[in-house]
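Welcome! Please have a look at the sequence and the fold, and then read on.

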Amino acid sequence: MAIDRRNFLETTLAAGIAGLLAPGAVQAEAAAGLKMAPFRFDVTPPVGHPLCGGWITPVKGVDDPLEAIGYVLVGAGEPMVVCAVDWTGLLNEAHGQWRETIAQAAGTSPDRVAVQCVHQHDAPFVCLEGEKVVSAQAGLPHLVQLDFFQQCLKKASQAVGAAMQNLQPVTHIATGHAKVEKVASNRRIVNEAGELVDWRGSSSKVPRHWELPEGLIDPWMKTVAFYHGEKKLVSCHYYATHPMSHYAKGQVSSDFVGLARKRRQAEEQDCTHIYFTGCSGNVAAGKYNDGTPEARARLTERIYAAMVKSESALSPQPIQQVQWATEEVQIPPAESLQEEALLAIVADGSAANANRNRAAMKIGWLRRCEKKMPIVLSALHVNDATLLHLPAESFIEYQLQAQQLAPARFVVTAAYGDGGPWYIPTAEAYPQGGYEVSVAFSAPEVDSILTQGSQKLLDQPTSA
């Protein structure tokens, strides 16, 4: 990457809270006739459905339901759609089918649709090509039940179609931010020599993991809200952490970020609240989470409090400029991925189901790369706010970098779009190794490719 990461905490965080917004070029005509409609539909899997790609306990019951929540925005070119899904991930063709289905219902093109997963783990993790591979193996857990997947696509079409019949004027936008206390921490513990010396996941019962510093994170909950006059229509919340407190017992849950969102939604039923997970490939709650139900309650309260505080000083401003930007990128697969060897792992009945199903997902990525199917990055620019949509489990550095690349704008980042590449480490992280690097499906060149793609998107408002 082209930035000095040693200065991240001083430069990016300062940029993230400073007046944030130098005036940009206005295009009043772009906002004339602008309309919006939210939508939501249930995506809770049935009993017996695989969770997290089939390598944890399948659905036994539902602690709280999963939802897909989004909004349609029309009046500035073809309709634009942004959607957050309470699933672990949508990979390759599965992600493409969601975008195509929503686009057809909204009367737009798939490149003007962003579908971002929240990444809870007691939830579906869908790779259709990988499902074909595992289906050929007797006794291997499926990745997804295809009939359920098709049912969700039908619900998406119906919900978006209904939203298109209930559009209402959107005239103002407001942005806010608040510091999240004691939730996120970096998973990778790196010493001054740049060596990976320890690792903590989404939860830990090891005291030293609680005592270590938070490390590199983005501590801010950011909110972008849309209004019709004084009426708040949609409030979008962005924060970067793996959203798991405890999982793998077969109890479906939107976990602490979803529970916080639902609490906020119950308070403001006339406004649609949406939560997006930022670049969290190397960020989780391990410093503050021991994996107990009590910890889930504490994390929920902290996320909820930050949402409320982030909205407390919202000051709606007339919408003067709207622009949707996209950038297609081709990400090369890791050299270590060889289909013949991966097929052997899938067929190895003595191997762990997680390793076999992960190998099937790697095959899905390889076959997608062979087809030259691009990953579509996108951004919605409204006035001086940029809503950036990135793929998969991107490291936090990509989010902080985006803020540096556009320091005069209020940049919010939703990751976990097209999940095909799995983890997206930085170039510096690859030689360090560790879990995230071991399950990254892409070559180190992904760093420069994603950086350049983000730069082009963030340059769009000033070059328009």
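In total, 22 salt bridges are found here, a salt bridge being a side-chain nitrogen of Lys or Arg within 4 Å of a carboxyl oxygen of Asp or Glu. This is a predicted model, in which local features need pLDDT of at least 70 and side-chain atom pairs count only at pLDDT 80 or more, while totals for chains, interfaces and linings use all residues. Residues are numbered from 1 along each chain as its sequence is written, and side-chain values use heavy atoms, leaving out hydrogens and water.

| Salt bridge | N to O distance |
|---|---|
| Lys262 and Asp64 | 2.6 Å |
| Asp198 and Arg208 | 2.6 Å |
| Arg409 and Asp384 | 3.9 Å |

Where do Lys262 and Asp64 sit? Lys262 belongs to helix α7 (residues 255–267), and Asp64 lies in the loop between β2 (61–62) and β3 (67–74), 198 residues apart. Helices (H or I, at least four residues) and strands (E, at least two) are DSSP runs, numbered from the N terminus. Asp64 is buried, at 9% relative accessibility; buried means under 20% relative accessible area, exposed over 50%, and partly exposed in between (1.4 Å probe, protein chains only).

Next come Asp198 in strand β12 (residues 196–199) and Arg208 in helix α6 (residues 207–211), ten residues apart. Asp198 is buried at 15%, whereas Arg208 is partly exposed at 45%.

Arg409 and Asp384 are both buried. Finally, salt bridges with shared partners connect Lys232, Arg264, Glu267, Glu268 and Glu311 in one network.
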